[in-house]
Amino acid sequence: MKDIRIKSDRLEDYGDVLKPEDIMCIVKIGRNEVYKKLNTGEIRSLKVAGKYRIPKQYLIDYLYPDQKKDSDHSDDSDQKKGA
């Protein structure tokens with residue numbers, strides 16, 4: 001049975017775990033570029049049975065890096081206030 005995948009650029013159309021092919025459709029970059037970003041860790045991923053799997057949150061972190069950094073800094077300032 002062939003795996004039928006969604007071909008959409010809307011992140012909400014996908015499940016919680018993405019494949020490299022999904023990243024290609026969502027971000028609109030080619031296969032080689034996706035694998036380059038996965039290999040270098042620019043897009044974080046997991047390997048399951050030797051295949052890349054990308055939790056949706058990892059892609060969101062890649063697409064919106066400032067939001068991740070802002071939340072990291074707010075945690076630091078909260079810890080300093082309590083000290």
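**Helix packing, sheet order and a buried lysine**

Modeller: The buried residues of helix H1 pack against S1, helix H2 (31-40), S3 and H3. This is a predicted model.

Biologist: Which residues of helix H1 (residues 20-27) are called buried, and what makes them so?

Modeller: They are Pro 20, Asp 22, Ile 23 and Ile 26. Buried stands for under 20% relative accessible area, so each of these four residues falls under that cut-off.

Biologist: How do you know where they lie around the helix?

Modeller: Looking down the axis of H1, the buried residues fall within an arc of 150°, so they line one face of the helix.

Biologist: Which residues of H2 are buried, and which are exposed?

Modeller: Val 34, Lys 37 and Leu 38 are buried in H2.

Biologist: What do the buried residues of H2 pack against?

Modeller: They pack against H1, S3 and H3.

Biologist: What is the phi of the residue that follows each of these helices?

Modeller: Lys 28 follows H1 with a positive phi, near 65°. Gly 41 follows H2, and its phi is also positive, near 85°.

Biologist: What is the order of the strands in the sheet, and which strands are at the edges?

Modeller: Three strands make an open sheet in the order S1-S3-S2, with antiparallel pairing. Strand S1 (17-18) and strand S2 (46-48) are the edge strands, because each pairs on one side only.

Biologist: What makes S1 and strand S3 (residues 51-55) a pair?

Modeller: Two strands pair if there are at least two bridges between them; S1 and S3 have two bridges, in the antiparallel sense, so they count as a pair. In S3, Pro 55 is the bridge partner of Val 17. Helix H3 (residues 56-63) packs on the sheet and touches S1, S2 and S3, its direction making about 70° with that of S3.

Biologist: Lys 56 lies in helix H3. Why is no salt bridge assigned to Lys 56?

Modeller: The nearest side chain of opposite charge, Asp 16, is 4.7 Å away. A salt bridge must be within 4 Å, so Lys 56 has none, although Lys 56 is buried.

Biologist: Which residues does Lys 56 touch, leaving out those up to four places away in sequence?

Modeller: Lys 56 touches Leu 11, Glu 12, Tyr 14, Gly 15, Asp 16 and Leu 18.

Methods: Residues numbered from 1 in each chain as written. Predicted model: local features only at pLDDT ≥ 70, side-chain atom pairs only at ≥ 80, totals over all residues. Heavy atoms only, no water. Contact = heavy atoms within 4.5 Å. Axes fitted to C-alpha atoms, helices over the stretch in contact; angles between N-to-C directions. Buried < 20%, exposed > 50% of the residue type's maximum accessible area, 1.4 Å probe, protein only. Lys, Arg positive; Asp, Glu negative; His and termini not counted. Arc of directions from axis to C-beta.
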